[in-house]
Amino acid sequence: MSVETAVETKTIFGSEVPQPPQHGAAGGVMRGLNFGTGLVGGIGLAAVAGWITAILTPSSASNASFAPMEPTYVYLAVLLGWVVGFMLGIGAFVGPLRWVVGRDVTHADAEYMAGKDLGRKRYWKYTTDHKVVGIQYLIVTMLLLGFAGLLAMLIRTELGMTWTSLFTPAFYNSMIGTHGIAMIIGMIVVVSGPLGNFIVPMMIGARDMAFPRLNALSLWLFVAAVPMLVSSMFMGGIQDGWSVYQPLASQAPVGMLGYQMTIIVFAISTAVASVNLMTTILTMRAKGMTWSRTPIFVYGIFAASIMGLYAFPFFQYSQILGLADRVFATSFFDPLNGGSVWLYENLFWLLGHPEVYVILIPSTAVALELMPVFLRKPLFSFNFAVAGIVGVVALSGLVWAHHMYMTGWAPAANYPFMLSTELISIPVGFLVLVAIGTFWRGTAWTRLPLMAVYAVIFNKMIGGVTGVYLSDVPADQYFHGSMFVVAHFHFMLMGAGLFGAMAGIAYFFPKMTGRFLDERTGSIGLWTAFVGFQITFISMFVAGLQGQPRRVLDFDDQFNLSNWISTIGAYVIGIGMLIFLSAIINSWRSGVIASSNPWGSKSLEWQTETPVPLENFPVLPVVTERPYNYGVPDPYEAELDSIDEDLTEKAGTK
Amino acid sequence: MSADTLIPEEPEAPTNRPPSMQRVRLWLQRPYARKVLILTVLIGFLLLPLAWLLLAGMNQTGAPASEIMKDIEQTVFVFTLVSIPITAFVFAVLVYSLIGWRQISGDEPPMQDSPAIRTNTIGVILWTVSSTLLAMFLVVWGLVELAQITANSYGTISADEQPGQKSSEIINVTGQQWVWTFEYPEHNGLTSDILYLPLDRPVYFNVTSKDVIHNFWAVELGVKIDANPGAITQTGVTANKLGTFNVRCAELCGMHHAYMQTQIQVLEQDAFDSWVRESGGKKTS
Amino acid sequence: MSTSTFPVSPTTGEPISTIARRSRLGLWLVIVADIAGTIALVISYTYLWSLNVNGGWAPPGATLTANQTNSTLPTTPSTATFAVEWPFWGILLVLIVATALMWFGYRSARSGNHAGLIAGAGLSFLVTVAVLVFQWIQMSTFPFGAGDGAYASAVLLLCASNIFHLFLLLFIGMGIFMRARKGLIDKTNWYQAQLASYYMTWVCIAFLLGAILTTFLVESPNTDPAIFGTFKQQ
């Protein structure tokens, strides 16, 4: 038993709180740990693990097809060493270990870990403050999206140069695979990560997330996952598309391990982040913030978290099974030994479709969130917006097999899956209704965030309508696996998802950085990218209609024209995105200083000062009214009311 | 209308007119409402050619060469038509919001707020009902077409006319990296790397793969099914147009996926028979 | 040790009951994710069991029903058969004992019986170690290896998932025990022991699912693999 000592206390928000004994300076061992020690730990342990594995593996080890196993074991050891070493080096295990030995975190420790008085150094540490985590997420996501965008440019260059070939088929295939999965991961994170972490706790009037240390954990697991994905490019690459269908994936070079480890780690990161966001939203809303007073963006993030929570484990297990097949010679997906390729497809798409909504719902929600502010009127039919989100979440888990109409796994199942898939157009339609209802008769304050919403809704309509063809089995019998599909999901994920994220970043930029996103450069970038986007993907629709399969390096001459146009469009997107990126960087460094509430918003996150203090709110706010309380009484309504009264009077006198 | 049925004009009794109808009538009198509706019609007519353009894109290499492909194109055509009104309306609101309703630029939030329309019961009901009806139409259309395509693929085999008898042809399709092999088990196991099909006769495919997943896509015939290792998938088609068409692999299958394509030759029965004879297969008896 | 009658979190100053409520919700959500993962395993097992692709479900040495043939070369001598069933249930039983001990510790903590808490948590930890050892022995003595067909793969993965869960339980059990000894879990602040009990209960259910699968779904019902060259109407 511990010896009784005099209990120290600390004043937290005006009350005396007894403290556990403080060991050393505040923060303890965390004082010495940062991103640098993480890198040292990761690279060091990776090198040691790889070296030991290379020594221990007999050089004769080979798999059933007589390929040597040594590279597989060594690469796996290196990846595991990297993750463990990096997390060790950055201090992820300090908290759990302190919990086990019973050396609890004091208030001073917690403040150090939240980055108090650390200045810019806090962005390089295992910092628990949700605002720091949000900024860190933003930077990492932009790096990842930039990497994937670069690959997209290379892919389009190859496809545009129809007279020659720039890359080997193997490298081309590894580019499309890496581009796909890097974009998917980046898009999953791009709203929920930066905005979900930075904005949501403030929007609901909380001081931090429910589990601040888990917040840091989810971020740094994500950071640990990204280099593994990039490293696979140098180990033979992911030559199987982003969906890495088995058993093609088991033929792939060892680079596939990079994909599998990335997904396994990223799925943990997503699950942790989802648990954290959901708990925060459910238990930490400000006093008086009932569900009808909760902003729609919070609903969007909550919905994405639900889907992330139940769907990602399926993805994770599909990759664990694939990894076991590769490393331990099991036969989950090997048809020669009783494995089934349809098992992989089912597990994969059980994630694969909810994941689309994990991307779409938050960026739709952020668009709906900012519209009332710029149109100076309430969100049209808040209940329908909520119903739309709930409907999408409810149906999201029941539609996965529409990716498998043409696999022949269960032809009879095509009927119910077509039904559930087409039903999803109803809740998505609700969200469109809310958007156009909010535009209705609104005086548009045409700043960049609102203008991006026009682009989002335009793209979403095109993506939605083309999605209807694909949800229909007969039409899908022509479109499945063609460029039409590629164009469709780029309209959804990029056209609606990424442009929505750009709207959200432009909107919250003043709160996150204290400066305005430069209106002029930002708009030029946005609209250049928008025009390029239409050129690229509308001509890609044409290629699909003509019958060009997706993921091909070379094709018949009949597809040349649409591919040339598509490539030109892609370069325009690239230029537009670079301009937008330069707007972000320049504005961050030297933009116009913004006041704490430059858009005149009524929601909680804008009521704090900028830069936001560590505890967000010195006094926790109390919510007394519905969100989006903008607007003046409708003159037409008054007129109608008087007519109604007239009618009633007449009816009464008759 | 004859004169004796004319009723002398009377002021309408207000109780006969439901207030909601009254509201709709008043609403239609507002200038912006009419303009948005006109814009909707305009945009709708602008989008209308898409219905034919989509088919033109699909027909570039000779499609439709089967009933299945005709069904597919009909579906695409109808879906385009029914999506145009709703798309046109949304685009009209977007456009009118930019050019019709008031706009403010500048650095400061607008001083004057917009009308606080929190909801509009009639509008919401209209939207819900119409979008639900639309979705239901799509579902029903899809289910019916799917049943029809299934019938056209392999459902028409009657009990007394099993496959293997004269009128139909069975072809075993095998994908492997990166070639297609077509085996005609009813003709001494004749194999070919070009798909020869007899005109106007049902053909049934047993599709499988020797290594990874491929996808057997007979483009102009509208046939598509995965070739899975460890499983046999089945489909079928009746080609009704002579000519040369394309088979492509529509599932990434490794390095030379792009080159995994071959031809379809749809031949008259005589020509098909002589091809079978010349290639050493047994003549269809 | 907090002597205050109104226990609060030392880091944020919020009441322990608030923290407990929040953590409980967080734990439920973690369990939801864990359930999804376990369902993925169950799907994998049952899907491969029901399909019996190429007749490759059963290990090569297992006695096969009439039409069931293994079309591939066996990768190991055909001594590989199905696993014995009772060890799955035995391991589950021992784990249930460990869970009951943790529950006992937690109930003791709530009623102020500190010695009971320490004994419950400590014994639970020791029994969990025993479960891990048993699980390891079972895994290393299966009559098949990883390459012996889909059944072997699925069972080995279930066991690997069990081992992963057991390591988590060891970590949690160790923490509860150490913290109980330090007096950080007591009559006013018992929620961590409660969460540990909840989680252990869920792990028991996961083990139960594995035991049910490996006991009742052994021989594949699909004894008629597809034959090439004929057209079956669907």
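Helices (H or I, at least four residues) and strands (E, at least two) are DSSP runs, numbered from the N terminus. The structure described is a predicted model, in which local features need pLDDT of at least 70, side-chain atom pairs count only at pLDDT 80 or more, and totals for chains, interfaces and linings use all residues. Residues are numbered from 1 along each chain as its sequence is written, and side-chain values use heavy atoms, with hydrogens and water left out.

In chain A, helix α2 (residues 70-90) contains L79(A). L79(A) has a relative accessible area of 4% and is therefore buried, a term for values under 20% (1.4 Å probe, protein chains only), with over 50% being exposed and the range in between partly exposed. Apart from neighbours within four places in sequence, L79(A) is in contact with M228(A), S231(A), L257(A), G258(A) and M261(A), where contact means heavy atoms within 4.5 Å.

Between the two chains, 103 residues of chain A are in contact with 101 residues of chain B. The interface buries about 8,800 Å², with 66% of it on carbon and sulfur atoms; this area is the accessible area (1.4 Å probe) lost on putting two parts together, summed over both. Four salt bridges are counted between chain B and chain A, each defined by a side-chain nitrogen of Lys or Arg within 4 Å of a carboxyl oxygen of Asp or Glu. One of them links R551(A) to E251(B), with the closest N and O atoms 3.8 Å apart.

Strand β3 (residues 444-445) of chain A and strand β1 (residues 103-104) of chain B run parallel and are joined by two bridges; strands pair if DSSP finds at least two bridges between them. Within this pairing, W445(A) stands opposite I104(B).

Definitions and conventions:
Chains lettered and ligands numbered in written order.
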